[in-house]
Structures are given as C-alpha cells and as structure tokens.
Amino acid sequence: METRALHKRYGDKEALRGVGLAVRPGEMFGFVGANGAGKTTTMRIVMGVLEADSGEVLWQGRPMTFEDRRGFGYMPEERGLYQKMRVAEQIEYFGRLHGMSPAAARTATHDLLERLGLSERAGDPIEALSLGNQQRVQLAVALVHDPTLLILDEPFSGLDPIAVDTLAGVLAERRAAGVPVIFSSHQLDLVEQMCDSVGIISAGRMVAAGPVDEVRAREGRRQLKVVVRGAGPGWADDLPAEITHQNGVHVLRAAEADDQAILRAAMSAGTVEHFGWEQPTLTEIFREAVA
Ligand SMILES: Nc1ncnc2c1ncn2[C@@H]1O[C@H](COP(=O)(O)OP(=O)(O)OP(=O)(O)O)[C@@H](O)[C@H]1O
C-alpha cells in the first residue's frame with residue numbers, strides 16, 4: 001500500500017501537504033504525530049471514507065479500487081458499533097457486509113471472540129460492555145473477514161496492559177500472515193517495540209519515515225551516556241557535553257565526541273557506573289522532528 005503526495009484541505013485549513021507513505025506486505029507501520037497532524041485524515045483517505053484533493057493511493061502498484069477496500073479491515077477513530085446489537089451478531093453482520101457467507105462469518109466470529117477473550121460476552125448488547133471491551137469488539141469487526149490490509153486508528157488507546165498484549169499479539173499474527181498493518185498511536189514505546197517501520201507526520205507533512213532501527217540510528221543522533229557517582233561539581237565543565245544531576249550521580253550526555261577523553265575525565269572524577277553510546281528513543285526523535 002502506498003500513498004503519494006496526498007493533499008487535503010478543510011476550508012482554510014491545509015490538513016495534508018503532500019503525504020507519502022508506503023507499507024509492504026507483512027510490515028507493521030506505526031503512524032505517529034501530534035494531535036491534529038493529519039493521521040486520521042490520511043487513514044480516511046486510504047479507506048476511501050474521505051477524498052483527497054490531489055495525490056494517489058496505490059494498492060499493489062496500481063490505483064486502489066472499491067473492491068480492494070472491501071477486503072481491508074479498518075478501525076475508525078469514531079469507532080461506530082451499533083450499541084443495541086449483540087456482540088456476536090454485530091461481528092457476524094460486518095463479516096456479511098464484507099461478503100462472507102453466514103456460516104463463515106459465524107465461525108470467524110466464534111474464533112475471534114475466543115482469541116480476544118470475549119466469548120462470555122457474545123450475547124450481550126454492545127452498550128453493556130466496558131469501553132475496553134467495546135474496543136476489542138471493534139477490533140474483531142476489523143478482522144472478521146481476514147483482511148488483506150489492516151488500518152487501525154489509535155487501537156491501543158484506553159486499553160489495559162493485558163488488552164494491549166492481546167491486541168499486539170493479534171496484530172503480530174496478521175503481520176506474520178503477510179498482511180500490511182498500519183496503526184496510529186501516541187504510545188511511542190509500543191510503536192518502538194512492535195513496528196518494523198514508522199512514519200512521523202507533523203502539520204500535514206511526513207518529517208521522518210523508515211525502518212524503526214534506521215530512523216533511530218540516523219547519523220549524528222547517537223549519544224554518549226555516562227553515569228558517574230561521587231564526582232565533585234564542575235568536573236565536566238570543559239567537556240563538550242550536557243550534564244544533569246540525579247540522586248548523587250552525574251549523568252553526562254554528549255553527541256559525537258572523543259569518548260576516550262570523556263572516559264578518562266569521568267574515571268578521575270568518580271566511580272563510572274555506566275558508559276556507552278546509545279541511540280535516541282523514538283520519543284526523543286519525535287520531539288526533535290515535530291519541534
Ligand atoms: N471535518 C473537519 N473539518 C475541519 N477540519 C478538520 C476536519 N477533520 C480534521 N480537521 C483538521 O485537520 C487537521 C488534521 O486532523 P486529523 O484528525 O487528521 O489529525 P490527527 O493526526 O488524526 O490528530 P489526533 O492525534 O488528534 O487524532 C487538524 O487541524 C484538524 O483540526
């Protein structure tokens with residue numbers, strides 16, 4: 001799946017200014033950005049819920065069609081379950097909408113309810129479920145027809161840690177089956193753990209994208225971290241580094257620097273408890289990219 005140069009305006013507001021992203025089969029893509037950056041708008045355009053002013057959405061290298069989209073699974077931001085309908089009935093109903101036979105929809109629903117720990121709630125109306133359980137049902141709705149592409153808008157928000165694990169496991173299974181998976185999230189630690197690639201969008205433009213490891217490892221971004229206990233004040237004043245004090249230890253951070261000179265200075269100043277080059281976390285990269 002690929003988008004090229006997507007532009008979208010809402011009145012005076014330029015929500016997307018040329019968004020291009022690509023997700024390959026069996027790849028999990030984390031779509032991150034500040035509130036209002038354009039994630040939902042992009043995902044709606046991919047799903048055909050919204051039309052772009054210009055730009056292209058491609059599937060397997062050609063313009064995406066309605067039939068292609070019928071095979072996709074989507075968890076929209078606005079959710080959208082029928083509150084009075086019963087859990088199993090609802091999932092089966094969406095399976096039928098995607099063209100499944102009644103028997104196939106029933107079997108898939110049964111399996112998903114079990115996988116998502118919802119079997120006991122199968123006969124309850126949606127409105128009787130907690131928000132987290134409603135979200136699991138929403139996920140089941142997105143998965144019931146064995147989608148060829150999964151697009152999930154903030155699927156992890158509001159879930160407890162066990163539900164996060166379950167959802168992460170289900171998405172990993174889809175990825176292993178060769179499905180491209182795209183999800184937006186503000187939980188960057190999760191994106192870092194789960195995703196093969198990441199795209200950072202800021203004010204309608206992609207500001208960083210690529211494999212998570214590469215985005216983290218981009219040149220000049222690594223930092224030397226040194227933790228020294230018992231050092232006196234001022235020992236690092238002449239070093240090209242930033243230093244912070246935390247509970248009796250000095251934590252020093254330097255970008256490209258003479259690490260051996262810093263190590264010698266640290267050893268003569270106190271007890272070196274940690275010394276090594278580190279890559280920035282996705283959270284640090286995100287802050288820098290959207291600043
Ligand atoms: N229907 C609409 N009418 C007018 N402006 C809109 C509409 N939908 C979105 N916008 C604006 O377009 C921009 C992009 O919004 P979008 O919902 O795509 O961002 P987002 O990255 O999904 O944000 P969040 O993380 O808060 O969900 C925002 O400035 C938003 O206010």
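Reader: What makes strand 4 and strand 5 a pair, and how many bridges join them?

Author: This is a predicted model. In it, two bridges join strand 4 (residues 54-59) to strand 5, and the two run antiparallel. Pairing requires at least two bridges, so strands 4 and 5 qualify. Leu58 stands opposite Pro63 in strand 5.

Reader: Why is strand 5 called an edge strand?

Author: Strand 5 (62-63) pairs on one side only, and so does strand 2 (13-22). The sheet itself is open, with four strands in the order 2-1-4-5 and antiparallel pairing.

Reader: Which helix packs on the sheet, and which strands does that helix touch?

Author: Helix 1 (residues 39-47) does, touching strand 1 (2-10), strand 2 and strand 4. The direction of helix 1 makes about 115° with that of strand 1.

Reader: What makes Gln135 buried or exposed?

Author: Gln135 has 23 other C-beta atoms within 10 Å. The cut-off for buried is 20 or more, so Gln135 is buried. Its place is in helix 5. Leaving aside neighbours within four places in sequence, Gln135 is in contact with Gly158 and Leu159.

Reader: How far is Gln135 from His7?

Author: Their C-alpha atoms are separated by 30 Å. Along the chain, the two are 128 residues apart.

Reader: Which residues touch the most other members of the largest nonpolar core?

Author: Ile91, Ala140 and Ile151 do, in a core of 60 residues. Helix 5 (residues 131-143) gives the most to this core, with six residues.

Reader: What does Ile151 contact beyond its neighbours within four places in sequence?

Author: Ile151 is in contact with Met43, Val46, Met47, Phe72, Tyr74 and Ile182. Contact here means C-beta atoms within 7 Å, so each of these residues meets that cut-off with Ile151.

Reader: What share of the chain is buried, and what share of its contacts joins residues 24 or more positions apart?

Author: Buried residues make up 35% of the 291 residues in the protein chain. Among contacts with a separation of 6 or more, 70% come from residues 24 or more positions apart.

Reader: How many helices and strands are there, and what does the C-alpha trace span?

Author: The protein chain has ten helices and 14 strands. Its C-alpha trace spans about 75 × 45 × 35 Å along the principal axes.

Technical notes. Residues numbered from 1 in each chain as written. Predicted model: local features only at pLDDT ≥ 70, side-chain atom pairs only at ≥ 80, totals over all residues. Core = buried A, V, L, I, M, F, W, Y, C linked by C-beta atoms within 7 Å. Buried ≥ 20, exposed ≤ 12 C-beta atoms within 10 Å, placed from the backbone. Contact = placed C-beta atoms within 7 Å. Axes fitted to C-alpha atoms, helices over the stretch in contact; angles between N-to-C directions.
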